[in-house]
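This report describes a protein structure for a reader who is new to the subject.

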2 protein chains.
Amino acid sequence: MARLDWIGVWCCEGALGVWLMAADGSVLDRHVLQEAAQPVTPDDVAARLLPLVAGMSLADRIDPVPVIACGLEGAAPLRTVPCAAPGIAEAARVPTPDPRLDLRVLPGLAQRQPRAVMRGGETVIAGLFAVAPGFDGVLCLCGAASTVWARLSAGEVVSFATFMTGEMLEMLGTDMNQQNDDRDAFTAALAEAMSRPAGLASMLSAVRAEADLDALAPAAVQARISGALIGAELAAARPYWLGQTVVVAGEGALAEAYGAALADQGAAPRSARSQDLALAGLTAARRQLASPEV
Amino acid sequence: MARLDWIGVWCCEGALGVWLMAADGSVLDRHVLQEAAQPVTPDDVAARLLPLVAGMSLADRIDPVPVIACGLEGAAPLRTVPCAAPGIAEAARVPTPDPRLDLRVLPGLAQRQPRAVMRGGETVIAGLFAVAPGFDGVLCLCGAASTVWARLSAGEVVSFATFMTGEMLEMLGTDMNQQNDDRDAFTAALAEAMSRPAGLASMLSAVRAEADLDALAPAAVQARISGALIGAELAAARPYWLGQTVVVAGEGALAEAYGAALADQGAAPRSARSQDLALAGLTAARRQLASPEV
């Protein structure tokens, strides 16, 4: 088995990814969870990593293993946009309970007006710039908790907005991990919410009434709730996606729903897995470490 | 102690009221809870009532005690608007485990288009008509779970709409039972949401970001979340309240917030306690029982 060279940790909007990496860029082991209980502090990260690396021969290493993490609160001061996606130079070195782990925490992003904060998404953006240098357009990063829209240009994050749509879907009992097979109901609710976004609370109540009175099928209920919430979000986020190159990054049915919704609006979004972009961003930070001793 | 004549039970949008009543209309005992675990079936009602009446001498009664309940699912077929608020003639007699209780369940209301359902609110409306015969205007019934807007005219419920604003406030961790003392923050968020209701999810995210980045005080967080949600609702419900006589029925800080919001919009809402109107509606149904044996 190849030797462990570094560990990447991505905490972002309800997703948690941990990758044990070899020096050649191959993945020795990966643990990616959606809607995970997230580590929020460096100590949480260390506690989560130690069982994963317990079976690995860290003892034959002279130097500690670099752990590059993002999405943690408080460890590194947030960077204010417009700015480049943070790299290893902006990371904070944080002591851990185990001296074999050399933890570096990448900072998140803040925006002054409108006030907004992003933790973990900045590393997906770094990954997008790593795989598509010179990308000019918009990233729609749909996570299990929130969706982040970020305008990217000239290697920088220009501005961003977040919508707690995923969290609202979950609060309304909509499980986007279930296959959503009522496409017509989704499209109709999406169109209604986009044309009359102020009616969202009323639409959601109407879906409940139909479920109650008309025995609306669970698939239709889910399709209409997700269509309504995503439609209201797209209406509010229109300045982000209208006429732009859009990359939708996410996982599974939720990302598919965003992609379908944007396609319905005449946008032609490209899609990517958010965990792949996150690993690309963490890998870029690892490469910025000139040597393991830095 | 006066003799128990009848019992009123009101289940509505997160509120539960039980009144033990004397024949002269005086209240022997009352139990009113907000955000209560609600009885939803007649058996639930009986189970909840039996401990309350255990200490009362029901044994000296020849006839069972009339129990007039509303807001229960499935017991009585919903009436479709436009129609009068249901009275005792529309109630279903439902057997209970205890033959000393003569349970009559008032039906709720349904609307065909847009699809909507109301359970418990119809009895508040009956109470409003009882205390204000000939009322012509709009009832805004703000409950812990949902808010119901109902157009009332010529003794009938013309149409209604429900908004799950209370439930969303609760899901967002906003406790409206806490005193909301940041009126400026509430008013600003209300105005912003009313002018740009589509931006609701974005506004809520911004409040979180400010709480995170700027240590926004909990009172201000609560005021802005409630202002945003109520503002989005008022924007969508504008056809209900604009230029109308509005009665806001509710309890405590939530009802005050609706009243303040409508006042900010130039409406001059009257206010009433929803539990008082509910009891008036139940009492009207009791009077419709020609004799205890009916």
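In chain A, the C-alpha centres of domain 1 and domain 2 lie 30 Å apart. Domain 1 of chain A comprises 4–137 + 275–288, and domain 2 comprises 161–272; such bounds come from an automatic or database domain assignment. The contact between them takes 11 residues from domain 1 of chain A and 10 residues from domain 2 of chain A, where two residues are in contact if their C-beta atoms, placed from the backbone, lie within 7 Å.

The model is predicted: local features need pLDDT of at least 70 and side-chain atom pairs count only at pLDDT 80 or more, whereas totals for chains, interfaces and linings use all residues. Residues are numbered from 1 along each chain as its sequence is written, while chains are lettered from A and ligands numbered from 1 in the order in which they are written.

Chain A contains 9 helices and 15 strands; helices (H or I, at least four residues) and strands (E, at least two) are DSSP runs, numbered from the N terminus. Buried residues make up 52% of its 294 residues, a residue being buried if 20 or more other C-beta atoms, placed from the backbone, lie within 10 Å of its own. Along its principal axes the C-alpha trace of chain A spans about 65 × 40 × 30 Å.

Pro42(A), Val45(A) and Leu49(A) are buried in H1(A). Seen down the helix axis, the buried residues of H1(A) fall within an arc of 55°, so they line one face of the helix; the arc is that of the directions from the axis to the C-beta atoms. An α-helix has 3.6 residues a turn, so residues three or four places apart point the same way.

| Strand of chain A | Residues |
|---|---|
| S1 | 4–12 |
| S2 | 15–22 |
| S4 | 65–70 |
| S7 | 92–94 |
| S8 | 101–106 |

Finally, 29 residues of chain A are in contact with 29 residues of chain B. The largest share of the side of chain A that touches chain B, 10 residues, comes from H5(A).

Conventions. A residue is buried if 20 or more other C-beta atoms lie within 10 Å of its own, exposed if 12 or fewer, and partly exposed in between; C-beta atoms are placed from the backbone.
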